[in-house]
Amino acid sequence: MPAGLDNLKHIVVLMMENRSFDHMLGGLKKDYSKINGLTGNESNPDVNGTIVPVQANAKFQGQLDHDPDHHFPGVDLQIFGGTAPGPGRVANMQGFIKSYATQGSDINASHAIMSYFAPKSLPVLTKLATEYALFNGWFSSIPGPTICNRAFAHYGTSFGNVDMNLFYIQDPILSIYERMVKAGHTAKIYYYDQQSSTMEIVNLLKNQPQIFGSYSQFVADCKGNTLPEYSFIEPCYNDHPGPGGGQILASDQHPDHNVQEGEVLIANTYNAIRTNQALWETTALLVVYDEHGGLYDHVVPPACQSDGYSASADKTGTGAPFNFDRLGIRVPAILVSPYIPRGTVVPGTEDSSGLIFEHACIPGTVTNFFLKNYDQRTVREKNSRNFLTPLTDTLRHDDDCWVFDV
Amino acid sequence: MREKMKKKYKLVMKVPKTPKRAYNHNRFISSLIEHQIKHFSEVEKSLLKPGQKLTDISKIKTELHASKYLKKMTARLHPQGAGKTKMVAQPSNAKKAAKRKTKRKLVKRKSR
């Protein structure tokens, strides 16, 4: 085992909201040819048939005030360009503008779905992506919205759910936190604060409040060397007043929340680990997005192993059932550790020997690392890729790793 | 802070601040927050005691409304989560009020 894994004591996952790989990091391809981003020639037709290319004109806020559709039928349109489900249909990633146009935006406004950020606009994400390991092939687990995708990060399955509705966990599958705690390990979900709270309400917050903490506790735990072995961080999901007349901004980057505030959250989370030397050398931080939020990505989501569930045609809304055998759209995913060489890129579908990751890899990797043999989970999770493979034997010198001034 | 960091660390990168105008608690809630509220309402229903009234979540329209309901429900399920939160911006009135408070304290101390 590489020294990076031998010394690893903590895994931290920060899951952001609703941005695609190309939208956030596609612009990096120009200077980093190994990154499977945008050439500038990628395009989609609008509803008039005009070909609209990708453009580096994404704005921090105000450009996507109609939340782009990312529910199951909308994502189906985005991936298949409007061809109805049936044998032989081909995924072409040509339905993004068509999908956004159905939401009442005028033709010009619908083109915004093809926008992406220039790397200099996102200094924190860009710095982490180019300094540590960037996954070219990390996909959301379901071509659908937040709740079912986040479920994969907690349970390795959504129990057949493809939408935002309530779902209940089914025996014998436990959340990654329960698995850890039952086996004598430590794990926590840190929500931002009580006004923002968590998205894991019915199954976890209601029944197991002891596994929760707030973001301020996460920072204190990093400082006080009391960080659990596994931590999952939720961003702030809404704007709300803070104590003493202050203001707390949503940091989830969900459209139309300000993207810069998400950068601040990512930087603060990184700093909390980075500025405690003992913790820094024993922690791996994964920054990942739950799903693409309706925003353009050029990579066709690949087929995947089913998790054994099926969603009926009335649940999917496409007129066809879904057997959880295709992944959702690609999202940014960056692994941070001082044991990762600068500029590591984990190849994805662009490479015949590339590796495919999705959110079931999160409980899969954490379970395999801390609990070793654990059987009570879906076959999909059991067979999921280990996202810790970029960790090597070599510890980077402290002077070779950045700190953010937030 | 930056000077202190620069002394300790070789590679320090400044992160741009989010503009204050980004804040808008009157923004209408997204489908995500709407569903978060619905899930909490289910929990509230299950915890309801005889005579207690369920919160009318149809009145929750803005992020401010949502944050108040989420705080109420989260505090009920996880009171340990009430802690200090880092604020990104202080409105000018609050800043002035804080300054006035500090001044008053200093005057009191001096007069002792």
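Predicted model: local features only at pLDDT ≥ 70, side-chain atom pairs only at ≥ 80, totals over all residues.
Local features are given only where pLDDT is at least 70 and side-chain atom pairs only at pLDDT 80 or more, whereas totals for chains, interfaces and linings use all residues. Residues are numbered from 1 along each chain as its sequence is written, and chains are lettered from A and ligands numbered from 1 in the order in which they are written.

**Contact between the chains**

- In chain A, 52 residues are in contact with 51 residues of chain B; two residues are in contact if their C-beta atoms, placed from the backbone, lie within 7 Å.
- Helices (H or I, at least four residues) and strands (E, at least two) are DSSP runs, numbered from the N terminus.
- That side of chain A comprises 24 nonpolar, 19 polar and nine charged residues. Here Ala, Val, Leu, Ile, Met, Phe, Trp, Tyr, Cys and Pro count as nonpolar, Asp, Glu, Lys and Arg as charged, and the others, Gly among them, as polar.
- Strand β13 (residues 403–405) of chain A pairs in the parallel sense with strand β1 (residues 12–14) of chain B, over three bridges; strands pair if DSSP finds at least two bridges between them.
- Within this pairing, A:V403 stands opposite B:V12.

**The loop between α14 and α15 of chain A**

- A:Y374 is found in this loop, between α14 (361–370) and α15 (379–382).
- A:Y374 is partly exposed, because 17 other C-beta atoms lie within 10 Å. A residue is buried if 20 or more other C-beta atoms lie within 10 Å of its own, exposed if 12 or fewer, and partly exposed in between, with C-beta atoms placed from the backbone.
- Apart from neighbours within four places in sequence, A:Y374 is in contact with A:R179 and A:T367.
- A:K372 is exposed, since 8 other C-beta atoms lie within 10 Å.

**The loop between β9 and α11 of chain A**

- A:Q253, in this loop, is a residue other than glycine with a positive phi, near 70°.
- A:Q253 is buried, because 25 other C-beta atoms lie within 10 Å.
- A:D256 is also placed between β9 (247–248) and α11, and a cis peptide bond with omega of about 15° joins A:P255 to A:D256.
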